[in-house]
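Student: I would like to learn how to read a sheet and the helices packed on it. Can we go through one case?

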Amino acid sequence: MSTVKLVPLTAANLGRVQMLCGHSPTYKKGYNAKLEWMAARLNEGLRYTLVQVDGGTAGMMEYVPAEYAWRGVDADGYLLIHCFWVVGRNRGHGYGRMLLDACLEDAAGTNGVAVMVSKAHWLPTPKLFLKNGFELADHVDPSFDLLVKRLKPGASLPRFKRSRPGIPPGLTLYKSDQCPYTQNVADIVTRVGGQLKIPVNIIHLDSASAARNSPCPCGTLAYYYDGEFLTYHPAGTEKLLEMLAARTGQ
C-alpha cells in the first residue's frame, strides 16, 4: 500500500523541500524567483501544500486569505485557492480530494473557500470543486468562473472586480513571480515588440494589491495589445506573433 502524506511548505523548510512547480533545471530562474516570492507571502498567510506518495510529489495546492490574494476578486473573509494541481498519472486516487479537504479544514471559522477556475488552460478546472459542494458565484469573459463553498450560510458571495485601470498603448505585459513557468515572458515580449516595432510595456506586479487591481482577473499574468486582452497563458515567440498578426497586419 502506498504511503501518502501532506507536506506544507513553511519558513523552516522552504528551499529544502522541493516545490512541484518549475523544479526542473529549465525553470531554475523562475523557481528561485518563486521561492523569494513565497518567502515574502508566508507572513500574509499563504499556504503551499504538497501531496507526497511514496516519497514522490503527486500534486500541490496554493491558497491564501483572500485579502492577500493575487487574483482580481473581492472575497474578504474567505480563503482563496490560487493553484491546484494533481499530476496526470496520480489522478483518480483521491489526492485532489485530500488536498481540498485540508484547505476546507483550515478554513474553519472563515466565510469559506473560493477558487477562480477555467475550462481553458493554466487555472484549476471546475470539476473537482463542483463535485464537492462549490457553487458558481460569478463569471467574467472570456472564460473565468469564480466558485465558492460557503461555510457561513449568510456570507456574501465573492465577486470579480469590475473596476480596472487603463492599459497603456502598444504591447503590454502584466507579470509577477508567482509562477515559475513565466520566467521568460518579459524577454519574449520585449523581443517581439522590437521585431514588430511597436511600443512595449512590462508591468511587474509586486504585491497582492497590485495583482488584484490589474486589468485581468487572473492577476499574475496577462498580455494586452492596445488595450485588447490577448491571453493569460505564457506565450512563446511564435504564439505571440500569431496573436498580434491580425491586430498589427504584420
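This is a predicted model: local features need pLDDT of at least 70, side-chain atom pairs count only at pLDDT 80 or more; totals for chains, interfaces and linings use all residues.

Student: In what order do the four strands form the open sheet?

Tutor: Strands of a sheet pair through backbone hydrogen bonds, in either a parallel or an antiparallel way. Here the order is β11-β10-β12-β13, an open sheet with mixed pairing. The edges are β11 (200-204) and β13 (228-231), each of which pairs on one side only. From one strand to the next the twist averages 25°.

Student: How many bridges join β10 to β11?

Tutor: Five bridges join β10 (residues 171-175) to β11, and the two run parallel. Leu173 is opposite Ile202 in β11.

Student: Which strands does helix α4 touch?

Tutor: Helix α4 (residues 185-196) packs on the sheet and touches β10, β11 and β12 (221-225); its direction is at about 175° to that of β10. Helix α6 (residues 237-248) lies across β10, β12 and β13, at about 155° to β13.

Student: At what angle do the axes of α4 and α6 cross?

Tutor: Two packed helices are described by the angle and the distance between their axes. The axes of α4 and α6 cross at roughly 50° and come within 10 Å. That angle makes α4 oblique to α6. Their crossing is right-handed.

Student: Which residues make the contact of α4 with α6?

Tutor: From α4 come Ile188, Val189, Arg191, Val192, Gln195 and Leu196, and from α6 Thr237, Leu240, Leu241 and Leu244. The residues of this contact divide into seven nonpolar, two polar and one charged.

Technical notes: Residues are numbered from 1 along each chain as its sequence is written. Side-chain values use heavy atoms; hydrogens and water are left out. Two strands pair if DSSP finds at least two bridges between them. Axes are lines fitted to C-alpha atoms, for helices over the stretch in contact, and angles run from 0 to 180 degrees between N-to-C directions. Contact means heavy atoms within 4.5 Å. Angles under 35 degrees count as roughly parallel, over 145 as roughly antiparallel, 65 to 115 as roughly perpendicular and the rest as oblique. A crossing is left-handed if the near helix is turned anticlockwise from the far one by less than a right angle, and right-handed if clockwise. Ala, Val, Leu, Ile, Met, Phe, Trp, Tyr, Cys and Pro count as nonpolar, Asp, Glu, Lys and Arg as charged, and the others, Gly among them, as polar.
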